[in-house]
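Try each task before reading its solution.

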Amino acid sequence: MKIKTLSLIILLSVTVNAAPVEFNQFDNPQQESDYRALIQELRCPQCQNNNIADSNATIATDMRAKTLELLKQGKNKDEVVDYMIERYGNFVTYNPPMTPATVLLWALPIALLLFGFELIWRRKSKPKQAVEFNPNSADSTLDQARLKQILNEKDN
């Protein structure tokens, strides 16, 4: 009796936790292939690195429904992508357009690396200057006189 109860609980828990399956009706095979391609190439804003086909987030479900709705209205793939970009921003595509912000994101690290290499190159290529001793300079004669005085004091 306990085994039957336990197996019934396990069976119910498995069926309750199963993910819902979406059944969509398409007008033609082209619409279905466009839908499948779009949900693979649009990124979920909440999951960040999942496309909306793989995400179970509420926003991904809404985006899939809106994609199907727009395709049924006769929109093509580019128009659907443009709608999603307008609504959610450039992040929803895996290939965002080139903007000043994206150029800065690519150019700044490269510029910093080049600047660092330039600094290293300048430090290495600069010849080291040795201090020259000139016994005829005024400082040198003063130093020699002071040294003689110190040595004389020590001897006394």
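**Exercise 1: The overall fold**

In this predicted model, residues 24 or more positions apart account for 46% of the contacts in the protein with a separation of 6 or more.

Task: Find how many helices and strands the protein has, and what share of its residues is buried.

Solution. Start with the secondary structure: the protein has six helices and zero strands. Next, read along the sequence, which gives the pattern α-α-α-α-α-α. Then turn to burial: of the 156 residues, 17% count as buried.

**Exercise 2: A charged patch**

Solution. First, list the members: E41, D78, E79, D82 and E86 gather on the surface as a patch of negative charge. E86 has its place in helix α4. Now apply the cut-off: exposed means over 50% relative accessible area.

**Exercise 3: A nonpolar patch**

Task: Identify which residues make the nonpolar surface patch, then classify L114 as buried or exposed.

Solution. Begin with the patch: I110, L113, L114, F117 and I120 make a nonpolar surface of about 540 Å². Then place L114, which lies in helix α5, residues 100–125. Last, use the cut-off of over 50% again: L114 has a relative accessible area of 55%, and therefore counts as exposed.

Note on methods
Residues are numbered from 1 along each chain as its sequence is written. This is a predicted model: local features need pLDDT of at least 70, side-chain atom pairs count only at pLDDT 80 or more; totals for chains, interfaces and linings use all residues. Side-chain values use heavy atoms; hydrogens and water are left out. Patches are made of residues with over 30% relative accessible area and no salt bridge: like charges are joined within 9 Å, nonpolar side chains (Val, Leu, Ile, Met, Phe, Trp, Tyr) within 5 Å. Accessible areas come from the Shrake-Rupley method with a 1.4 Å probe; for residues, only the protein chains shown count as cover. A salt bridge is a side-chain nitrogen of Lys or Arg within 4 Å of a carboxyl oxygen of Asp or Glu. Lys and Arg count as positive and Asp and Glu as negative; His and the chain ends are not counted. The place of a charge is taken as NZ of Lys, CZ of Arg, CG of Asp or CD of Glu. Helices (H or I, at least four residues) and strands (E, at least two) are DSSP runs, numbered from the N terminus. Buried means under 20% relative accessible area, exposed over 50%, partly exposed in between (1.4 Å probe, protein chains only). Contact means heavy atoms within 4.5 Å.
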